[in-house]
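I opened a new page for this chain today.

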Amino acid sequence: MNGRVTVFDTTLRDGEQSPGCSMTPVEKVRLARQLDHLGVDVVEAGFPAASPGERESVRAVAAEVSCSVAALCRTREEDIRHAAAALADAARPRIHTFIATSDLHLAHKLRISRDEALRQAVAAVRFALTFFPDVEFSAEDASRSDYGFLRDVVAAVHEAGATTVNVPDTVGYALPEEYGATFSRLARDVPGVTLSAHCHDDLGLAVANSIAAVRNGARQVEVTINGVGERAGNTSLEEFVMALKVRGELLSLATGVKTEEIVRTSHLLSSITGIWPQPNKAVVGRNAFAHEAGIHQHGVLANPLTYEIMTPASVGASESHLVLGKHSGKHAVEARLRGLGLYLSKDEVESVTARVKELADRKKFVWDEDLLTLVSCVPDRRVRLVRYQVLSGNDLMTMATVEVEVDGDRRSGSSTGNGPLDATLKACDAALGLDVELLELTTRAVTGGKDALAEVVVKVRHGEAEATGHAASTDSIEAALKSYLSALGAARTSALEAAAA
Ligand SMILES: [Zn+2]
């Protein structure tokens, strides 16, 4: 191997910016533990200047993991102070500061000159270094910046002491040859600098561009699990890491990622957000290792190498295990949770065990997928469903009554509607006296079988606030109602947080 590439995971920061991917501090810590276990070198935990909730998340992640933890900030001193404070408990803290370098961003977004951007970049790196020795600088929109100016900025921040300089394709515009050429020029013009790639997938080229970058001298790549992120997403960790591994003979580059943990990590993220990759997604999609054509199946049975460039086992994709039932105790539950990459506290394990028993009363077998869903769909305690009733049929008027509890106070409401879902959600609005807009609702059966858990993700707008909710039940109407109520609880919390910020 000619080199080692640092894997910088930004699922918790850039990834969290994708619609519907927002996570609570508890969920961020849960995912961060598994990312640490997966073997990423750096976890970017968030953007502390954004809100008190974000600061709390970064602080919680920093205190938890052993790998480096990065916090993003603009070049303002106030931002850098927030990042440094949030990283105080990190074993290996890294401040990640950025400013745009393209004329387009300088003229229209920041309204400053190139000289001023350069001055701010250097000042921010120097100020960040007064807190911690590891400081990364990003030249936002680098791929659309004038090369001469980009080179001057990279040289200046390197000179100022930045330990890594990131050259992002912020808008997903670059082509592989062109992006690679920028790296080889920078490596030649600024000797000794450690360069990083950060790509977006607007043209479906994020992974190809990241590979072009490392072939031309980059030694860090910024990635996300399942490729989540702004707009079309970021470079997908699993695709990038497996390309390096499968084509090692050509690329001669290694990462520290334990590839057998990849699918587990992907499932954990999906179960937290309720957003699953499309079935044909490379490496982690449901069909990534499914050979459908008879001739392929025959070939794979005779010798897997005929159609398989990597084995399912190498990324940890295996059959679902039949796991738990009514009589499973907390030790059995805890052992399975660990097998799924979940390291929970004693109290959390006890609460999950109680819910496994409850589920086993309604459903014969509790599978791994069910367990992941149970952990991520924790019922909202502030806005809680007490009961619902619905009378429905294809030749009668649907009527629903819903009783909810808000901060200990019980209320009920009734409504007619177009079918049971519409009627129960309207009855919910009536009970709460709220005018809520339902933006999105998706239902997924967690496993096969008529008794499968239904997982429902909803997105609502209430006033200015948008929020998502996520719940599961063997009764799909109940799952939808709980999901709707948890979204309302979250909308209320984000409105309160915005008022406090
Ligand atoms: Zn980005």
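Below are my entries, in the order I looked things up.

**Entry 1: the whole chain.** I am working with a predicted model. I looked up the secondary structure and found 17 helices and 18 strands. Next I checked the extent of the chain. Its C-alpha atoms fill a box of roughly 75 × 65 × 45 Å along the principal axes.

**Entry 2: burial and contacts.** I looked up burial and noted that 47% of the 501 residues count as buried. Then I turned to contacts between residues at least 6 apart in sequence. Of these, 66% join residues at least 24 apart.

**Entry 3: domains.** I listed the divisions: domain 1 (3-273), domain 2 (288-317), domain 3 (322-376) and domain 4 (383-500). I picked domain 1 and domain 3, whose C-alpha centres lie 35 Å apart. Their contact takes eleven residues from domain 1 and seven from domain 3. On the domain 1 side, α1 (25-38) and α11 (262-273) each supply at least two residues. Which of them gives the most? I found that α11 does, with six residues. I sorted that side of domain 1 by residue type: two nonpolar, five polar and four charged.

**Entry 4: a hairpin.** I ended with strands β13 (residues 383-393) and β14 (residues 396-406), which run antiparallel and are joined by nine bridges. They form a hairpin with two residues between them. I also noted one facing pair: arginine 384 stands opposite glutamate 405 in β14.

Methods
Residues numbered from 1 in each chain as written. Predicted model: local features only at pLDDT ≥ 70, side-chain atom pairs only at ≥ 80, totals over all residues. Helix = DSSP H or I, 4+ residues; strand = E, 2+ residues; numbered from the N terminus. Buried ≥ 20, exposed ≤ 12 C-beta atoms within 10 Å, placed from the backbone. Contact = placed C-beta atoms within 7 Å. Pairing = 2+ DSSP bridges. Domains from an automatic or database assignment. Nonpolar A, V, L, I, M, F, W, Y, C, P; charged D, E, K, R; others polar.
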